[in-house]
Amino acid sequence: MSSKILRNAGLVGALLILWYIFEDPYNTYQVSYSEEISMANIEPHKRLKSLPEPAPVANRVAHSYTQHGVVVEDPYFWLKDQSYPKIDDKDVLGYVKAENAYFQTFISEHQTTVDTLFNEFKGRMSETDTSVPIIDNGYEYRYEFNKGSEYRTWIRKNLLTNGEQVFLDLQVLAKGQDYFVLGSFAVSPDNTLLAYTVDTDGSEYYTLYIKNLVTGETYPPMHDSVREDIVFTSDSQGIIYQKLFADRWATRSVNLHILGTDISNDKVLQEELDSEYSLGFSVTADDQWLVLSAGNNDMSAVSVVPLASVLDDPLILSTKAQQIYLEVEHAFGHFYILTNDTHVNRRLVKVPNDQVAYDNWLTVIAGSDEQYIESISAFAQGLALSLSRNGLGAIHIQPYTDKDGWDVLFPEKLYSAYLTGNADFASTFFRVSYESMVTPPSIYDVDFTTQSLSLRKQAELPTGYDKTQYVTTRLMAPSRDGVAVPISIVHHKDTPIDGSAPLMLYAYGAYGVGMSPYFSKSRKSMLDRGFIYAIAHTRGGDEMGYQWYLDGKLEKRQNAFNDFVDVAQYLIQESYTRAGNISIQGASAGGKMMGVVTVMAPELWRSVVLGVPFVDVLNTMLDESLPLTPPEWSEWGNPLTDKKAFELIRSYSPYDNIIAREYPPMLVTAGLNDPRVTYWEPAKWTAKMRHLKTDNNLLIMRTNMSAGHYANSGRYGKLRDLAEEYAFILAAHGLTK
């Protein structure tokens, strides 16, 4: 599962994005199942078999419930620890640990492959690295990696004195922790204080710290149950943060803390009593306004208040009753608003900040079938818009005057580009990240006046990389209902396109999250071993516009699953691979996709990697005590009150549709402290699958016992995890080197 997160990257977000760019560490809507499943596409002896030692077997404990007159049996219900979010049930932990031991037995047999892959990945990573500096409020900020370090060191330089200061050393802070993530940091406008949040168990309950940048003293933790984002008020005396419920991972309120006072006196700026809506905040790029929002995946009720006086009565930009989406920026006395009020692909409007009533909204760029406006950023020189046109990204600059706007011109046709690392509103240039499936991540500065691009950095692969040895292309696969589905493909130029090559196929396909054609240093290991890699841009994402998302959610959800299978069939038809020679991957909602298509068409897949998979959809959407369930009813439907939604979800929910038949080899991953996809979903899937499947193909599950949704937190730990997953795929294809 996932929820839309309000844009509030700020300085730390910009720098974190820069790191992730350079170091990759995933017409009838009833599922139609064939009566007989044949694995004849692969000789039985070539399937990756179970280990000689017995696999763990989870007990089956009678449990059932009735909903809308339907009795649902769930013999693995007990795997949800009833004291959750505390997890201390000995039987539950015993099963999870037994699965981990079984996984380790498999990995130990393939340790040479894992080590080889890990060393390849590590060899393509710069052991020592420095980010492109970002200018903010008289300082230049950057991070560095020291050789052998898992975590960054953050440094700032005073532009007047050139004096440098290490203000946050994550390697030191993470010492002794099995898991460590910096959520966010903010420097006070007077440059004397640092606020930062950290998570040390993967639960995404962050602890808030304050550090005096003059004395170097870090004060005792201020709060231990907050979300990651924080911001200072304009006078440097207040901190705005999101307080979480103590017993469930959901924002209780957006609060203001005045430094030097007790947290019990903190003021509530916004709260939300309806569990179907999530809270969040952001700050406009000119640092003038705090934007408060309550919404779900479809709409946002938005208000704004001056950052210099956040206790003032807010200005209301939209209400729940309007049921529209808003993204807000501000410049020179006007709010610039991205909204879907008149067109599904959104229009851009402006309104004076002293006359914000809806009737005063003036269209700057009208909504259009030809382009989807994904996001907006404001600069003194103009607005920067991220667009999608026919599934391909673009960045458009719109001046505040009546002048025509212009597009940034990039060197390739199939690429990914987005704004990143922009902290200075008054800058004469803006910064973009650029990459393609053959071009390593690159940072460009684009001049507002000349429109020219200046390359600031391109990711290096120390062990060598020649992009001319690889080929990328975009195909359009016809789906069963006649819609053309985009596919992004990359492979080595010497890989034959005659059906003989193994293929890795990835998809996400939910929440309107589009997958860009991105570069991967680790993927090179598979391309060099003869694999073709493809991304299926299925409905449910927003690659082809917002309607593409709408056509893959709620009652149209089956379209996304059909698209994935149809993409695979098309790739077989076009001789990129053959049935039974395709390894598939997806994580979170993409892991749910993997679960559905594993049951839909098991004969197509050589292996399946289900990363933290949202596979127990029906039970989760029926459990309104889970904090992410009510906000997600807008994505999947509410089976508690709506019988049709219940029947629809039950028709595709992967866990509920496992039956006795043959399935391909599977690797399932989980995080014990995961608040997004709770650990018991992959555990229940694994237990039920192992009980019902009629084959002897390998099924293993790896649970990180000290992490959450995003698994390992260190850069080398992430590489080790990925090496294990790739080793599993290679083994499934009979490759051991």
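Of the 116 residues in the largest nonpolar core, those touching the most other members are L505, F564, L571 and W605. Such a core is a set of buried Ala, Val, Leu, Ile, Met, Phe, Trp, Tyr and Cys residues joined through side-chain atoms within 4.5 Å, where buried means under 20% relative accessible area, exposed over 50%, and partly exposed in between (1.4 Å probe, protein chains only). Helix α13 (residues 715–732) gives this core its largest share, eleven residues; helices (H or I, at least four residues) and strands (E, at least two) are DSSP runs, numbered from the N terminus. The model is a predicted one, in which local features need pLDDT of at least 70 and side-chain atom pairs count only at pLDDT 80 or more, while totals for chains, interfaces and linings use all residues. Residues are numbered from 1 along each chain as its sequence is written, and side-chain values use heavy atoms, with hydrogens and water left out.

Leaving aside residues up to four places away in sequence, W605 touches R47, F564, V565, A568, G580, I582, I584, V597, T598 and P664, contact being heavy atoms within 4.5 Å. A second, separate core holds 18 residues, including Y139, W154, F180 and F185.

R676 counts as buried because its relative accessibility is 4%. Its side chain makes a polar contact with the side chain of E204, at 2.8 Å. A polar contact is a pair of N or O atoms within 3.5 Å; within protein, one must be able to donate a hydrogen and the other to accept it, and residues adjacent in sequence count only if both atoms are side-chain atoms.

Some backbone features also deserve a mention. Most residues other than glycine have a negative phi, and most peptide bonds are trans. The peptide bond from Y84 to P85, however, is cis, with omega near 20°, and P85 lies in the loop between β2 (70–73) and α2 (90–109). H68, which is not a glycine, has a positive phi of about 55° and is placed in the loop between β1 (64–67) and β2. With 27% relative accessibility, H68 counts as partly exposed. N390 likewise has a positive phi, near 55°, in the loop between β24 (382–389) and β25 (392–398); at 61% relative accessibility, N390 counts as exposed.
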